[in-house]
Amino acid sequence: GVTILPLISQCSPAVQFPAEQLAALTERIQDAGTEVVKAKAGAGSATLSMAYAAARFTDSLIKGMTGQEGVVECAYIASDVTEAKFFATPVLLGPNGVEKNFGLGTLTEFEQALLAAALPELNGSIKKGEKFVADNY
């Protein structure tokens with residue numbers, strides 16, 4: 001969806017695409033979860049991808065908390081990187097959890113437009129989540 005922000009300009013090794021191809025690739029990345037559900041004819045979701053991401057993050061968190069240096073993962077955390085209260089960015093993990101937020105880096109104009117389009121929906125989702133917690137816990 002629109003809140004998925006592919007930062008193709010930050011790929012390593014560096015890649016470049018013509019504008020039309022970049023737009024198509026970005027849309028495909030943003031809609032990948034929906035594409036999996038459609039491919040499974042509504043009989044499931046991309047749960048394997050989510051499980052792998054959870055396992056990888058947990059492994060990295062344990063490494064950081066036990067003192068391994070240089071452990072970097074993306075995490076959706078309370079943040080001042082954007083106007084959203086929470087945002088996903090690369091972070092350095094350590095014994096105290098998040099040691100450093102690396103932020104978004106330099107965005108292209110195309111990526112800046114994607115971010116601007118994502119923020120209203122992201123802020124709405126954050127408000128819904130905060131309301132749910134306030135009403136239920």
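These are my notebook entries on a few things I looked up in this structure, which is a predicted model.

**Entry 1: helix α3**

I began with helix α3, which covers residues 47-65. I wanted to see whether its length made sense. At 1.5 Å a residue, its 19 residues should span 27 Å, and the end C-alpha atoms are 27 Å apart, so the two agree. After the helix comes glycine 67, and its phi is positive, near 100 degrees.

Next I went looking for greasy bits. In soluble globular proteins, nonpolar side chains tend to be buried together. Here the largest nonpolar core has ten residues, among them Leu5, Ala84, Phe87, Leu104 and Ile126. Which helix gives the most to this core? I found that helix α4 (residues 109-136) does, with five residues. There is also a second, separate core of five residues, including Val71, Ala75, Ile77 and Leu93.

**Entry 2: threonine 82**

Threonine 82 sits in the loop between β1 (71-78) and β2 (86-94). Is it buried or exposed? Its relative accessibility is 14%, and the cut-off for buried is under 20%, so threonine 82 counts as buried. Leaving out residues up to four places away in sequence, it touches Phe87, Leu104, Leu115 and Leu119. A polar atom of the threonine 82 side chain also lies 3.0 Å from the backbone nitrogen of alanine 84.

**Entry 3: salt bridges**

How many salt bridges does a search of the whole structure find? I got five, and I wrote up some of them.

- Arginine 56 and glutamate 73 meet through their side chains at 2.8 Å, N to O. Arginine 56 is in helix α3 and glutamate 73 in strand β1, so this pair ties together parts 17 residues apart in sequence. Arginine 56 is partly exposed at 45%, whereas glutamate 73 counts as buried at 10%.
- Lysine 63 and aspartate 59 pair up at 3.2 Å, N to O. Both lie in helix α3, four residues apart, which is about one turn of the helix. Lysine 63 is partly exposed, at 32%, and aspartate 59 counts as partly exposed too, at 39%.
- Glutamate 35 and arginine 28 meet at 2.7 Å, N to O. Arginine 28 counts as exposed at 52%, while glutamate 35 is partly exposed at 35%.

Methods
Residues are numbered from 1 along each chain as its sequence is written. This is a predicted model: local features need pLDDT of at least 70, side-chain atom pairs count only at pLDDT 80 or more; totals for chains, interfaces and linings use all residues. Side-chain values use heavy atoms; hydrogens and water are left out. Helices (H or I, at least four residues) and strands (E, at least two) are DSSP runs, numbered from the N terminus. The expected span of a helix is 1.5 Å times one less than its number of residues. A nonpolar core is a set of buried Ala, Val, Leu, Ile, Met, Phe, Trp, Tyr and Cys residues joined through side-chain atoms within 4.5 Å. Buried means under 20% relative accessible area, exposed over 50%, partly exposed in between (1.4 Å probe, protein chains only). A polar contact is a pair of N or O atoms within 3.5 Å; within protein, one must be able to donate a hydrogen and the other to accept it, and residues adjacent in sequence count only if both atoms are side-chain atoms. Contact means heavy atoms within 4.5 Å. A salt bridge is a side-chain nitrogen of Lys or Arg within 4 Å of a carboxyl oxygen of Asp or Glu.
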